[in-house]
Amino acid sequence: MTLDRGLVGRSYPPSAVHEVGRVVLAEFAAAVGVTDPVHLDPEVARAAGHPDVIAPPTYAVVVSLGAANVVLDDPDVSLDYSRVVHGEQRFAHHRPIRAGDRLVATTSIEAVRSVGGNDLLTTRVELTTEDGEAVCTATTMLVARGADGGAA
Amino acid sequence: MSRPEIAVGTELPDRTFPVTRADLVRYAGASKDFNPIHWSDRVATAVGLPGVIAHGMLTMALAARAVTEWTGDPAALVEYQVRFGRPVVVPDDDAGAEVVVRGRVASVGDDGRARIDLTVTSSGEKVLSLARAVVRIP
């Protein structure tokens, strides 16, 4: 199954607001083993110049991958979901995500390629605050392995 | 914490991160990624994997720690990218797997940013490629 190159540039409506709370950030910090109190203690975060505790850098994927499901749900995107693996991930942080943020994700399709029987789909998610402040650009390449078992 | 010297060629301290099945369960909950290949050997082997594998994003997060815990400022990591190569297979025992992260400052720009190239392995095999972090130098 080959993806239609005409999908490149397609963008989707902004997501619902994703509220970021201190508890989920502390849980994420624990799950990746970070102990820096700037993720856990609002006083320490403020002393470091942040309005509240900040997220570890890869937390952005929790918001962006959730939002990017809008692409996999698009009936024009014929990816065999059971064969999809994460190929590449990139973040450009405009500022740290922090507790209290109300984030909106806007997803678009950046690239579509076919390599060695595998379909490669690159999505870009712009995370902004509700007020439009740029927070993070998250770029994800998904690989749908071909039915012939091509390497991924 | 004292700030490290950041110059081209500076090597980061090698880091080794153990990853157990319990870590995968905790990461699944925190990230909301409940794909069964990260907790069910039955499902993992049915799709052709050797067994349960770590979330790629957990490996990416551990590699980021090698950078942020070296610079001492998680907010200074402004760009970060990886390509997921081989999976990290996590056996169902107390030791689990190990993710080993090495890093080296590849360039220091006039814009107050430095690029760090990371080498990330497990069981001697490279699991991430093109793993690069850009940090703002204080």
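This is a predicted model: local features need pLDDT of at least 70, side-chain atom pairs count only at pLDDT 80 or more; totals for chains, interfaces and linings use all residues.
**View 1. Where chain B sits against chain A.** On the chain B side, 25 residues are in contact, and they touch 27 residues of chain A. Put together, the two chains bury about 2100 Å² between them, with carbon and sulfur atoms making up 62% of that. If you want to know who gives up the most area on the chain B side, look at B:Met57, B:Pro74 and B:Phe84: together they account for 23% of what that side buries.

**View 2. Polar links across the interface.** Seven residue pairs are in polar contact here, both partners at pLDDT 80 or more. On chain B, helix H1 (21-31), helix H3 (56-71) and strand E2 (77-84) each supply at least two residues of the side that touches chain A. Sorted by class, that side of chain B holds 15 nonpolar residues, plus five polar and five charged ones.

**View 3. Strand against strand.** Strand E2 of chain A, residues 84-93, pairs with E2(B). The two run in the antiparallel sense, and five bridges join them. Zoom in on A:Glu88 and you'll find its bridge partner in E2(B), B:Arg83.

**View 4. A salt bridge between the chains.** Which side chains meet in a salt bridge? They belong to A:Glu88 and B:Arg83, with 2.9 Å from N to O.

Key:
Residues are numbered from 1 along each chain as its sequence is written. Chains are lettered from A and ligands numbered from 1 in the order in which they are written. Side-chain values use heavy atoms; hydrogens and water are left out. Contact means heavy atoms within 4.5 Å. Buried area is the accessible area (1.4 Å probe) that two parts lose on being put together, summed over both. A salt bridge is a side-chain nitrogen of Lys or Arg within 4 Å of a carboxyl oxygen of Asp or Glu. A polar contact is a pair of N or O atoms within 3.5 Å; within protein, one must be able to donate a hydrogen and the other to accept it, and residues adjacent in sequence count only if both atoms are side-chain atoms. Helices (H or I, at least four residues) and strands (E, at least two) are DSSP runs, numbered from the N terminus. Ala, Val, Leu, Ile, Met, Phe, Trp, Tyr, Cys and Pro count as nonpolar, Asp, Glu, Lys and Arg as charged, and the others, Gly among them, as polar. Two strands pair if DSSP finds at least two bridges between them.
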